[in-house]
Amino acid sequence: MSDSGATRPRKPLPVVGWRELVALPELGLTAIPAKIDTGARTSSLHGTIIERFERDGEAYVRFAVDFERQHVRQVCEAVHVDWRGITSSNGETQRRMIIKTPIRIGDVEFRAEISLADRSDMKFPMLIGRSALRRHFLVDSGHSWLQTHGRDVVVGHKP
């Protein structure tokens, strides 16, 4: 009897809350407040494009991430993957630059595509979309900070 058609039990996925602090280690960014948004396909980071350039035949982008509350500007470099039309929450389609970089939420690290956008009018400088969450996490929209070490878990939806 062959078990080639049998499915193996899956390891349970960790659970994220509706907001978490995340890290983008290759960009030198830690503790970025992020909203978990299963309604968004693509993740997004508040970034201002400074310069596009080539290194070793590969397209790169240099961009700034501003943390206005802390009065900090972090300049980052990443491989420029693509330009895509992204439909924002107000229904408007914008052409955005896409980068691919490792992201760490809690103890889980994986590569994700992230669009660079002006999120200065948003409460969170980063949004984690469903493409990044898929196969990595389940979402509990009634809690916050479930994967954020050093923060107490918060019940409810108040920002």
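**Close-up 1. Arg135 is exposed in this predicted model.** The relative accessibility of Arg135 is 68%, and the residue therefore counts as exposed. Arg135 belongs to the loop that runs between α1 (130-133) and β11 (138-139). Its phi is near 65 degrees, a positive value in a residue other than glycine.

**Close-up 2. Trp145 is a buried residue with a positive phi.** Phi of Trp145 is about 65 degrees, although Trp145 is not a glycine. The residue is located in the loop between β12 (143-144) and β13 (154-155). Because its relative accessibility is 6%, Trp145 counts as buried.

**Close-up 3. Trp18 and Phe124 form an edge-to-face aromatic pair.** Three aromatic pairs are present in the structure. Trp18 counts as buried at 12% relative accessibility, and Phe124 is buried with a relative accessible area of 9%.

**Close-up 4. Phe53 and Tyr60 form a stacked aromatic pair.** The distance is 5.7 Å centre to centre, with 20 degrees between the planes. Both Phe53 and Tyr60 are buried. Arg55 lies over the face of Tyr60, 4.6 Å from the ring centre.

**Close-up 5. Arg95 lies over the face of Trp83.** Arg95 is placed at 4.4 Å from the ring centre of Trp83.

Methods: Residues are numbered from 1 along each chain as its sequence is written. This is a predicted model: local features need pLDDT of at least 70, side-chain atom pairs count only at pLDDT 80 or more; totals for chains, interfaces and linings use all residues. Side-chain values use heavy atoms; hydrogens and water are left out. Rings of Phe, Tyr and Trp (its six-membered ring) pair if their centres lie within 6.5 Å; planes under 30 degrees apart count as stacked, over 60 as edge-to-face and the rest as tilted. Buried means under 20% relative accessible area, exposed over 50%, partly exposed in between (1.4 Å probe, protein chains only). A charge sits over a ring if NZ of Lys or CZ of Arg is within 6 Å of the ring centre and within 35 degrees of the ring normal. Helices (H or I, at least four residues) and strands (E, at least two) are DSSP runs, numbered from the N terminus.
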